Amino acid sequence: MGYPAFNLTLEQLAGVEAIDVASLSELARADLTRWVAMPSRLRDGILQQMADYVAPIGATLDGPCTWLDPETKQCRHHQHRPQVCRDFAVGSSGCRQWRAAYHELL
Ligand code: SF4
C-alpha cells in the first residue's frame, strides 16, 4: 500500500478542520479520530509520503508500507495504525493472498 492507508484523502488529512464529519463513513471517522490524536511528527511524515508517493514503475503492486520495519516485519507505529489494518484479519484468506503476492518484494 506504499504508506499507512487512512480512509481520508491527502487534502482531508492536511486540513481536518474543513472536514464535514457528518458526511464521513464510520471507518473514516475512526481514522480521523486516530489521526488527530497521533503525534504531529507522524502526521507530517505521512502527509509528505502521500504527496511524494510514486507507484513502482511496471509493478502491479504498491511498495511496502513506510511504517513496516523490514527487519522485524512489524509495524513501527502499531498503536496508530489505520482502521483498515485493524480490520484485516491476520491469517485470513485475504492475508495469505497478499503475503503470497508480496513475498518476492519483502
Ligand atoms: S499495520 Fe502498520 S505497517 Fe502494516 S500496513 Fe498498517 S500501518 Fe503499514
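His77 touches Arg41, Leu42 and Trp67, leaving aside residues up to four places away in sequence. This structure is a predicted model. The ligand in the model sits in the largest pocket, and that pocket has a volume of about 1,100 Å³.

**The largest pocket**

- Rolling a probe the size of a water molecule over the atoms shows where empty space is left.
- The largest pocket is given a volume of about 1,100 Å³.
- The pocket is lined by 23 residues, and the closest to its centre are Met1, Cys65, Leu68, Cys85 and Phe88.
- At least two lining residues are supplied by each of β2, α4 and α5 (93-102).
- The largest share of the lining comes from α5, with four residues.
- Sorted by class, the lining has 16 nonpolar, three polar and four charged residues.

**The ligand and its surroundings**

- The largest pocket is where the ligand sits.
- Around the ligand are Met1, Pro4, Cys65, Trp67, Leu68, Cys75, Pro82 and Cys85.
- The shell around the ligand consists, by class, of eight nonpolar, no polar and no charged residues.
- Met1, Cys65, Leu68 and Cys85 surround the ligand, and these residues are also among the closest to the centre of the largest pocket.

**His77**

- His77 belongs to the loop between β2 and α4 (83-87).
- The relative accessibility of His77 is 15%, which is under 20%, and therefore His77 counts as buried.
- Among the contacts of His77 is Trp67, a residue that also takes part in surrounding the ligand.

**Lys73**

- Lys73 is placed in the loop between β1 (68-69) and β2 (74-75).
- Most residues other than glycine have a negative phi.
- In Lys73, by contrast, phi is near 60°, a positive value in a residue other than glycine.

**Pro39**

- Pro39 is found in the loop that lies between α2 (26-37) and α3 (40-52).
- Pro39 counts as partly exposed because its relative accessibility is 32%, a value between the cut-offs of 20% and 50%.
- Pro39 and His80 are 41 residues apart along the chain, and their C-alpha atoms are separated by 9.2 Å.

Technical notes
Residues are numbered from 1 along each chain as its sequence is written. This is a predicted model: local features need pLDDT of at least 70, side-chain atom pairs count only at pLDDT 80 or more; totals for chains, interfaces and linings use all residues. Side-chain values use heavy atoms; hydrogens and water are left out. Buried means under 20% relative accessible area, exposed over 50%, partly exposed in between (1.4 Å probe, protein chains only). A residue is near a molecule or strand if one of its heavy atoms lies within 4 Å of it. On a 1 Å grid over the protein atoms alone, a cavity is a set of points where a 1.4 Å probe fits but cannot get out, and a pocket is an open set with protein on both sides within 12 Å along at least five of seven lines; lining residues have an atom within 4 Å of a point. A molecule sits in a cavity or pocket if more than half of its atoms lie within 2 Å of its grid points. Ala, Val, Leu, Ile, Met, Phe, Trp, Tyr, Cys and Pro count as nonpolar, Asp, Glu, Lys and Arg as charged, and the others, Gly among them, as polar. Contact means heavy atoms within 4.5 Å. Grid points are joined across faces, edges and corners, and a volume is the space filled by probe spheres set on the points.
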